[in-house]
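Open the model in your viewer and keep the sequence panel beside it. We will go stop by stop, selecting as we go.

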Amino acid sequence: MTKPATPVVVRRRSLPLVWVVPLVAFIVGAWMIVRNSRDHGPEIIIRFQNGGGIEANKTTLEYKGVAVGSVREVALAPSLDSVLVRVQLAKDAAELARSDSQFWLVRPEIGFSGIRGLDTLLTGARIQVRPGNGGEPAKEFIALRRAPLLESNTDRGRSFILRADRLGGLTPGAPVYFREVKVGFVETHRLAPNADGVLVRLRIRKPYDQLVHADSKFWNSGGVNVKIGLFGAEIRSNSLESFVAGGVAFATPDTTGADPAADGAEFTLADEADKEWLKWKPKMPIKEATEGWETPGQAENSPNDPGA
Amino acid sequence: MDRTLHCHACQLTLPDAAPEYDGSPCPRCHATLHRRFPHALQRSAAFALAGLIMLVPANLLPVITSNLFGAAQTNTIMSGVLALYRDGLWGIALIVFVASIAVPLLKLVSLGLFFHAAWRGNSPHRRGLTRLYAFVRFIGRWSMLDVFLVAFLTGAVRFGTLASVHPEPGVIAFAAAVLLTVFATESFDSRLLWDEGANSDSAAP
């Protein structure tokens, strides 16, 4: 046994528990500020030929129908030949700041194949973006003069080239039918390199792009087909839409191989369908992206809207 | 030293209490007696500091997003004041500025003056400071104007894509800042202004 130790009296200045409050306030406040600044992605500068309708803090940058950034500042380029627009990207849209992304301004546009950007009548113009395929990170971009025609980049089906003698009333956005079901649309057209024909580019939507095989036949289904015979008259048209904007239909022979045609394959566009072609009924499995039936509007998304 | 002791629960006043009464039960209602609120200065200073910290995100972060015909606009308190002023509504801009920026700052400055005076003791301005304290307590309940405005607009303006209003995190920080300054004012003991001063709060039990 040892003798009990002499008790030592320590007078401590007690620190009241209340000092936890400013500590918590500091942590919460810092966290709020950090989280807010992390919500912002990088800033980019887009050069426009014409800044009509772009307003700071109002115009948004949209991708797939969602705002992914907003305009912070609109300024004239020092050389006075263009407008510089500073855009603050959202955090999850940081990947859009790559050199091969394309930007363009959307204004209301009304045409035969549909009305595009009608909402911009109310909201003012907006900037749309299409991401590239992983280019270098970039800060400055030059806007396209108008919306680009879609190219094969994502899961948007496949494009094919049709060679025709004449355009035959096909306009961009004209429908492409398979068994009178709309499966795609005409993207664009141009004269063949030595002017001996017209090249028309189509896009067939997924999953219907599987239906185009190397030996498929395409024909112009636009306009009306009027036959007057001994026993009466017959008027045929695929749809009112193809009557106005023209249209293309195709069929694939029974004897076809298993492989769908490659992206960008070239076909000949016939003026009208061979009777034989209309009888073809090959069994081709379609991997439906969504189960069930077509609902109105689902297949009819405006053809050139890149947000669709 | 002032020997008066006042019970906060039953308002019994002991005109000449021995110092031992501090911290013991009230002879009438048995609530614990305190000559001064324990740790009043520290508690009040802690709340004031927390309020000051919260004012930073309250003013830096956006408080409101208003969406009119699809054109979204996000405002902090200050940018909202400037937007109102630019739109010619300078009267409303002034009200919002006074209620949301000037008053919280003046409250914190006043609290700082109280702490300084209570710490030093025997302030020559104690009469004026006491009046200022009463005013700061009164004004506290009016500082939530911004928060009410945002809450009201969020509930009232709900027209889908045509017009809508959403609160942003800054308004929470602002509400917290106002609440904390109210706590700071309430936990301060204005009698400290009249004491000898210097650490008078650390003499508590």
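Is A:Glu276 buried, partly exposed or exposed? A:Glu276 counts as partly exposed, because its relative accessibility is 45%. Buried means under 20% relative accessible area, exposed over 50%, and partly exposed in between, with a 1.4 Å probe and protein chains only.

Before moving on, some ground rules. This is a predicted model, where local features need pLDDT of at least 70, side-chain atom pairs count only at pLDDT 80 or more, and totals for chains, interfaces and linings use all residues. Residues are numbered from 1 along each chain as its sequence is written, chains are lettered from A and ligands numbered from 1 in the order in which they are written, and side-chain values use heavy atoms, leaving out hydrogens and water.

**Stop 1: the negative patch**

Stay on A:Glu276. It sits in helix 4 of chain A, residues 275-279. Helices (H or I, at least four residues) and strands (E, at least two) are DSSP runs, numbered from the N terminus. Together with A:Glu276 they form a patch of negative charge on the surface. Patch residues have over 30% relative accessible area and no salt bridge, with like charges joined within 9 Å and nonpolar side chains (Val, Leu, Ile, Met, Phe, Trp, Tyr) within 5 Å. Asp and Glu count as negative, Lys and Arg as positive; His and the chain ends are not counted. Each charge is placed at NZ of Lys, CZ of Arg, CG of Asp or CD of Glu.

**Stop 2: all of chain A**

Select chain A. Its secondary structure comes to 4 helices and 18 strands. Of its 308 residues, 36% are buried. Chain A exposes about 19,000 Å², and carbon and sulfur atoms supply 56% of that. Such areas come from the Shrake-Rupley method with a 1.4 Å probe; for residues, only the protein chains shown count as cover.

**Stop 3: salt bridges**

Side chains of opposite charge can pair when their charged atoms come close. A salt bridge is a side-chain nitrogen of Lys or Arg within 4 Å of a carboxyl oxygen of Asp or Glu. The count over all chains is 10.

Select A:Arg86 and A:Glu73. Their closest N and O atoms are 3.0 Å apart. A:Arg86 is in strand 4 (residues 83-90) and A:Glu73 in strand 3 (residues 66-76) of chain A, 13 residues apart.

Go next to A:Asp209 and A:Arg158. Their side chains meet in a salt bridge at 3.2 Å, N to O. A:Asp209 lies in the loop between strand 13 (198-204) and strand 14 (217-220) of chain A, and A:Arg158 in strand 10 (residues 158-164), so the pair ties together parts 51 residues apart in sequence. How buried are they? A:Asp209 counts as buried at 2% relative accessibility. A:Arg158 is buried too, with a relative accessible area of 18%.

**Stop 4: the nonpolar patch on chain B**

Switch to chain B. Select B:Met78, B:Leu82, B:Leu94, B:Phe97 and B:Val98, which make a nonpolar surface patch of about 410 Å². Helix 2 (77-86) and helix 3 (90-120) of chain B each supply at least two of its residues. Which helix gives the most to the nonpolar patch? Helix 3 of chain B does, with 3 residues. End on B:Met78, in helix 2 of chain B. B:Met78 counts as partly exposed because its relative accessible area is 34%.
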